[in-house]
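I am opening a notebook page on one structure. The entries follow the order in which I looked things up.

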Amino acid sequence: MSVNDNGTLVKVDAATKYFKRGSEEIHVLEKLDMQVPEGEFLALMGPSGSGKSTLLNLIGGLDRPTSGSVTVAGERIDRLSRQKLAAWRARHVGLVFQFYNLLPVLTAERNVELPLLLTHLSRAERKKHVDAALDVVGLSHRKTHYPKTLSGGEQQRVGIARGIVSDPTLLLADEPTGDLDRKSGDEVLDLLKALNKDHNKTIIMVTHDPHAALRSTRTLYLNEGKLSTEPAE
Amino acid sequence: MFNWFSQIFALIQFNLRTIWQRKGSSAAALFGIAGVVAVLVGVLSIAQGFSAVMNASGKPDTALILRSGADTEMMSGLSRETTRIIADTEGIARSTEGALASAELFVIINLPKRSTGTDANVPLRGVEPMAFSVRSDVNIIQGRPFEWGRNEVIVGSGAVREFEGLELGGRIPVGKEEWTVVGIFEANGGISESEIWTDASVLQPAFRRGNSFQAVYVKIETPESFQDFKDRLTTDPRLNVKVIRQDDYYADQSTAITGLITGLGTLIAGLMGIGAVFGALNTMYSAVSSRTREIATLRALGFGNGPIVISVMVEALVLALIGGAIGAGLAYVAFDGFRAATMNWQSFSQVAFAFDVTPGLLVRGIFYAAIIGLVGGLFPAIRAARMPVAAALREG
Ligand SMILES: Nc1ncnc2c1ncn2[C@@H]1O[C@H](COP(=O)(O)OP(=O)(O)OP(=O)(O)O)[C@@H](O)[C@H]1O
Ligand SMILES: [Mg+2]
């Protein structure tokens, strides 16, 4: 992957995001700047409605800024067409959701395999990657289980396996522990921490939980459309 | 796109499994489509059965001769003299007993229908001895042939089924007398099976026809010699007749009614089909919206629009095909072989026939269901593909 000189993987430049709701315009992000170096485990905090998910969506290519630019691994993604963006996501982004977003009718291994269906990999190669990813999250023994037979923590670990199976440039997690009890949440955080430390994954995690933010290498606070290193009063 | 088929396969599998989770709405769409297909196949099987009778009625080597200007036997009239000249014309097949020609009389009598008890028209045909050689497919299955010169009749099996009092030994009112049913015949499913036959020379005085007839049925030497035979008759200065191949004659009679039935059936099925499209639309819209989050997740992971559209369409198609198969099966069980009679408008008499649900009709019905499914699935599929990913993820 191409990273610029100072090792910056994600660069957000003067990004502004408005939403239109009826005649009303909601200003969520105002000329926001942000840089994430490769290998960082960044925690993003801030009050509800402050735009954390919106920012994460811009970085993950799920949405485009109203103005400003988003550069990931040297590529301007804010200019890509919807179709190109979808292909870009498949190659570069792993996503972890608050509510896991597993397909209920597919087994754990088939869920994990989904992103690989968007690659050139053969069936045998896909299986190898799926097994490796499930091994990393410690769920090799639950491969053939359906999501509803797994606990919340286990489902989220399957979700993380799906997020890393295609070895993406960037792992984005929106409140990955938001729906879990403390113990399962800690397991998930340990896992993310290990992915960052041992596998050198760059992770951006949105969280409400200061305890979760402690595992990160850096924490940023979003408030009233701006980022700061200190929580707002 | 890479691994396109794996993508589509995974999505289809996902979609099809969720059909079961929406049993109610899926079943509604399914039975809507089944109903349409059953009606379509049912109605078309009527036309099919009717034209099968008509097609079985005519042979290319059999011709009938009417007075020129007459389109049907009902409207025709031929003198004894004329029928003799016709029977002596060269080109008619012969047996040891002579030319295979039968001068015939065609009248209508009223008998009560079994189904309703009300009177309807039944054709009563007076024939000459050669009639059985001209129409070699007529054969007595019960009783015996009528005796020449006596007030006896034989009855086609279709007429027996449709009308009261035509069983063996039954008596039918003809003028002031009652004639006895002495035999029942089949005619290979042809229209004769809807008729009653007797001796023409007995029928003439009963209906005060003097010595006249309405048509001459002949077997020509070969189907190919028809044109020569026809030219010979139509150019004979003593005659003023028209010559029609028997199969053309019945095909003509059936096109009007089969056209009407087919048109009506298609119209009804078309209207119902529009209803079914809306049912399918509704089902597929709710299927898509109940899956907003899953579809958004797949799109977020980078799945393209193509596989998502196709998978939704396939789901609609599968629903429609199941519905279509149920409908076609229902139509087959309910209608195939179902006996009925309808008015033959050319002779204003009843033709007995059986609904005929052919494999071709079943395929047509299922094909129609598939179209309903595809139309019903298209717009929901496009909606699924158009959903903005970020907003859809929030909704879920
Ligand atoms: N697609 C959208 N259409 C309209 N408004 C939106 C949309 N997405 C987000 N918003 C609005 O933008 C603001 C920021 O939303 P966002 O989801 O980014 O907040 P958040 O910080 O993630 O909040 P939470 O902690 O509750 O998840 C909110 O006011 C939200 O209503
Ligand atoms: Mg959020």
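Is B:Trp148 buried, partly exposed or exposed? I find B:Trp148 partly exposed, at 39% relative accessibility. My cut-offs are under 20% relative accessible area for buried and over 50% for exposed, with partly exposed in between (1.4 Å probe, protein chains only).

Ground rules. I am working on a predicted model, where local features need pLDDT of at least 70, side-chain atom pairs count only at pLDDT 80 or more, and totals for chains, interfaces and linings use all residues. Residues are numbered from 1 along each chain as its sequence is written, chains are lettered from A and ligands numbered from 1 in the order in which they are written, and side-chain values use heavy atoms, with hydrogens and water left out.

Entry: aromatic rings. Rings of Phe, Tyr and Trp (its six-membered ring) pair if their centres lie within 6.5 Å; planes under 30 degrees apart count as stacked, over 60 as edge-to-face and the rest as tilted. One of the pairs is B:Phe132 with B:Phe146, which is tilted because the planes stand at 50 degrees, with the centres 6.1 Å apart. This pair links distant parts of the chain, 14 residues apart. B:Phe132 is in helix α4 (residues 131-134) of chain B, and B:Phe146 is in the loop between β7 (139-143) and β8 (152-156) of chain B. I take helices (H or I, at least four residues) and strands (E, at least two) as DSSP runs, numbered from the N terminus. B:Phe146 is buried at 4%, while B:Phe132 is partly exposed at 24%. B:Phe146 also pairs edge-to-face with B:Trp148, at 4.8 Å between centres and 75 degrees between planes. I then listed the aromatic cluster: B:Phe132, B:Phe146, B:Trp148, B:Phe185 and B:Trp197.

Entry: a charge over a ring. I found the charged end of B:Arg135 over the ring of B:Tyr217, 4.0 Å from the ring centre. The test is NZ of Lys or CZ of Arg within 6 Å of the ring centre and within 35 degrees of the ring normal.

Entry: strand β7 of chain A. Strand β6 (residues 93-96) of chain A pairs with β7(A) in the parallel sense over 4 bridges; two strands pair if DSSP finds at least two bridges between them. There, A:Val96 has A:Ala173 as its bridge partner. Strand β8 (residues 202-206) of chain A runs parallel to β7(A), joined by 5 bridges. In that pairing A:Leu172 partners A:Ile204.

Entry: the open sheet. I read the order as β2-β1-β4-β5 in chain A, 4 strands with antiparallel pairing. β2 (24-37) and β5 (75-76) are at the edges with a single partner strand each, so one side of each has no neighbour in the sheet. Strand β4 (residues 67-72) pairs with β5(A) over 2 bridges, antiparallel. The bridge partner of A:Thr71 in β5(A) is A:Arg76.
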